[in-house]
Amino acid sequence: MKAFRLDELEAERAANEGAYLQFLRERNMSVGLYALEAGTVDPQQPHRQDEVYFVVSGRASITVGTETTQVGRGSVVYVPAGVPHKFHHISEDLRVLVVFSPPES
């Protein structure tokens with residue numbers, strides 16, 4: 001079994017001074033913690049993998065393709081592989097669990 005605590009993952013991500021921390025990688029998926037501070041710009045480009053976002057905390061809008069929705073704690077968003085997507089109008093520091101399948105390369 002592998003078990004993780006969000007507070008420890010956030011501390012590790014912050015110590016590495018990066019917006020993204022991959023903390024699990026298996027044959028068919030990878031999982032990471034993504035952080036964007038209020039008012040910042042999301043630099044993401046489309047990925048070759050399907051993604052699922054689970055918003056742990058914060059508030060923002062996300063645009064996937066041509067659709068936009070507001071997200072907050074508890075929101076789950078699916079992003080198909082190759083589709084442009086970005087968080088924007090980040091009004092509260094955003095912490096998001098990201099699941100890639102297959103694993104992010």
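Guide: The model is predicted, so local features need pLDDT of at least 70 and side-chain atom pairs count only at pLDDT 80 or more, while totals for chains, interfaces and linings use all residues. Residues are numbered from 1 along each chain as its sequence is written, and side-chain values use heavy atoms, with hydrogens and water left out.

Visitor: Why is the pair of Tyr53 and Phe87 called edge-to-face?
Guide: Rings of Phe, Tyr and Trp (its six-membered ring) pair if their centres lie within 6.5 Å; planes under 30 degrees apart are stacked, over 60 edge-to-face and the rest tilted. The ring centres of Tyr53 and Phe87 are 5.0 Å apart and the planes stand at 65 degrees, so the pair is edge-to-face. The count by this rule is 4 aromatic pairs.

Visitor: What parts does the pair of Tyr53 and Phe87 tie together?
Guide: Helices (H or I, at least four residues) and strands (E, at least two) are DSSP runs, numbered from the N terminus. Tyr53 is in strand E3 (residues 50-64) and Phe87 in strand E6 (residues 85-101), so the pair ties together parts 34 residues apart in sequence.

Visitor: What makes Lys2 and Glu26 a salt bridge?
Guide: A salt bridge needs a side-chain nitrogen of Lys or Arg within 4 Å of a carboxyl oxygen of Asp or Glu. In Lys2 and Glu26 the closest N and O atoms are 2.6 Å apart. Lys2 lies in the segment before H1 and Glu26 in the loop between E1 and strand E2 (30-36), so this pair ties together parts 24 residues apart in sequence.

Visitor: Is Lys2 called buried or exposed, and why?
Guide: Buried means under 20% relative accessible area, exposed over 50%, and partly exposed in between (1.4 Å probe, protein chains only). Lys2 has 55%, so it is exposed. Glu26, at 36%, counts as partly exposed.

Visitor: Why does Arg13 count as buried?
Guide: The relative accessibility of Arg13 is 8%, so Arg13 counts as buried. Arg13 also forms a salt bridge with Glu10, with the closest N and O atoms 2.6 Å apart. Glu10, Arg13, Glu37 and Arg95 are linked in a network of salt bridges.

Visitor: What makes the phi of Glu17 worth a remark?
Guide: Most residues other than glycine have a negative phi. Glu17 is not a glycine, yet its phi is positive, about 55 degrees. At 75% relative accessibility, Glu17 counts as exposed.
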